[in-house]
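Here is a short note for someone opening this model for the first time. Please read the points with the structure on screen.

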Amino acid sequence: MRQGLLQIVNAMQSKKIMLIGDLIADVYLEGSTSRISREAPVLILEHTAENVVPGGAANAVHNISTLGGNVYAVGVVGNDFPGKELARILGAKGVVTAGLIQDVSRPTITKTRVMAGGQATVRQQVVRIDREKKDPLTPEIESRMLEYIVELIPQMDAVVLSDYGGATVSPAVLQAVIKTCRIHDKPSIVDSRYKVMEYKDVTIVKQNESEAAAAIGLKQLDEKTLQKAGVTILNQLNAEAVLITQGPDGMTLFEKSGKVTHIPVTNVSEVYDVTGAGDTVVAAMILAVASGASYLDAACIANFAAGIVVRKPGTATAGPNELQEAIGGHYEIC
């Protein structure tokens, strides 16, 4: 199967993927530790840098783009620096950003991390400050988003719904996306942190173990309840496939045919950082399916892609050459 996976990676290039979701700006304020404040027992940091990194659905966009997809990003940003910086960063990577709708009534979802460290000390996170307006989208903003989505889906090869619990994927947006995808026979995938059971008729569902457990009313999954979760989600959502990621235990694919396949990790000993690996799985999976791959082959490719990013620090991505090298170097996986 190895040669077939390499051919799929080639076919993934330039596929048109629309991604709708909660775009998050991960802001990193960097500083070096200087002394303790006289005002309170807290560190004083000398500011050295400020960086914005695509997070949430924006990280999934970044992953699809890096893997070679032609991404159409759809979401809501504020009239603020983080929103403008997200648009600039994604645009510079070749992402189509016409679907980033500016809402002056709400800020861009921002997670600001204050990082402290010096030349002789370990860089550490001191505090995280989240900024988000949780109110539903206004009818005007929702209408603009729906118009863009419905008009462009027929031109896409596949669609991603990246739901981090924000307001972007409203009930109206969710229903319109899935209905339009069904009408035009476009595969869709959902990665939803809190409300996956609302995504009836989506093509593919991606969940991690804790999300899948919550979806069926459990706190955690064991081998037996993993099977129950996969089959329950598959049947209740009328999906074609459900992929449950299991961290160091790999991932398990449930298909509508009844076939269940466990896929082990490529090399657990080299795991460095799992941050954002779920977005990589979604990106690789949907690009492969859009290229005509079977759900199993697509899941195998997603597994290899995740194996690359967990060996990198922070929120990382994988490129086509890295992916092909990883696939070519492992005979025993898939």
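1. Start at strand β9, where Ile189 sits. The model is predicted, so treat every value here as computed from that prediction. Ile189 has a relative accessible area of 1%, so this residue is buried under the 20% cut-off. Setting aside residues up to four places away in sequence, Ile189 touches Val159, Val160, Leu161, Val202, Ile204, Lys206, Val282, Met285 and Ile286.

2. Is Ser188 buried or exposed? Ser188 is buried, at 1% relative accessibility. Neighbours within four places in sequence aside, Ser188 is in contact with Val159, Cys181, Val202, Thr203, Ile204 and Ile286. Compare that with the contacts of Ile189, which include Val159, Val202, Ile204 and Ile286.

3. Asp185 counts as exposed, at 68% relative accessibility. Its phi is positive, about 55°, although Asp185 is not a glycine. Most residues other than glycine have a negative phi. Please check the backbone here on screen.

4. Where is Asn238 found? Asn238 lies in the loop between α7 (223-237) and β11 (241-245). Phi of Asn238 is also positive, near 55°, and this residue is not a glycine. Asn238 is partly exposed, with a relative accessible area of 25%. That value falls between the 20% and 50% cut-offs.

5. Next, helix α8, which covers residues 277-290. The helix has 14 residues. From first C-alpha to last, α8 reaches 20 Å, close to the 20 Å expected at 1.5 Å a residue. How many of its residues are buried? The count is 13 of 14, and α8 is mostly covered. Just after the helix comes Gly292, with a positive phi of about 95°. Val282, Met285 and Ile286 fall in the range 277-290, and they are among the residues that Ile189 touches.

6. Helix α2 (residues 57-66) is another covered element: 9 of its 10 residues are buried, so the rest of the structure largely encloses this helix. The buried residues are Ala57, Ala58, Asn59, Ala60, Val61, His62, Asn63, Ile64 and Ser65. Just after α2, Gly68 takes a positive phi of about 110°.

7. Asn59 and Ala316 are 257 residues apart along the chain. Their C-alpha atoms are separated by 8.6 Å. Ala316 is in the loop between α9 (295-309) and α10 (320-328).

8. Asp297 gives a contrasting distance. Asp297 is placed in helix α9. Its relative accessible area is 17%, so Asp297 counts as buried, under the 20% cut-off. Asp297 and Gly78 are 219 residues apart along the chain. Their C-alpha atoms are 39 Å apart.

9. Step back to the whole protein. There are 10 helices and 13 strands. The radius of gyration is 20 Å, close to the 20 Å that the globule rule gives for 334 residues, so the protein is as compact as a globular protein of that length. The C-alpha trace spans about 65 × 50 × 40 Å along its principal axes.

10. Of the 334 residues, 53% count as buried. Among contacts with a separation of 6 or more, 68% come from residues 24 or more positions apart.

11. Last, surface and charge. The accessible surface comes to about 15100 Å². Carbon and sulfur atoms account for 50% of that area. The protein has 31 positive and 36 negative side chains. How far apart do the centres of the two sets lie? The centres are 1 Å apart.

Methods. Residues are numbered from 1 along each chain as its sequence is written. This is a predicted model: local features need pLDDT of at least 70, side-chain atom pairs count only at pLDDT 80 or more; totals for chains, interfaces and linings use all residues. Side-chain values use heavy atoms; hydrogens and water are left out. Helices (H or I, at least four residues) and strands (E, at least two) are DSSP runs, numbered from the N terminus. The radius of gyration is taken over C-alpha atoms; the globule rule is 2.2 Å times the number of residues to the power 0.38. Buried means under 20% relative accessible area, exposed over 50%, partly exposed in between (1.4 Å probe, protein chains only). Contact means heavy atoms within 4.5 Å. Accessible areas come from the Shrake-Rupley method with a 1.4 Å probe; for residues, only the protein chains shown count as cover. Lys and Arg count as positive and Asp and Glu as negative; His and the chain ends are not counted. The place of a charge is taken as NZ of Lys, CZ of Arg, CG of Asp or CD of Glu. The expected span of a helix is 1.5 Å times one less than its number of residues.
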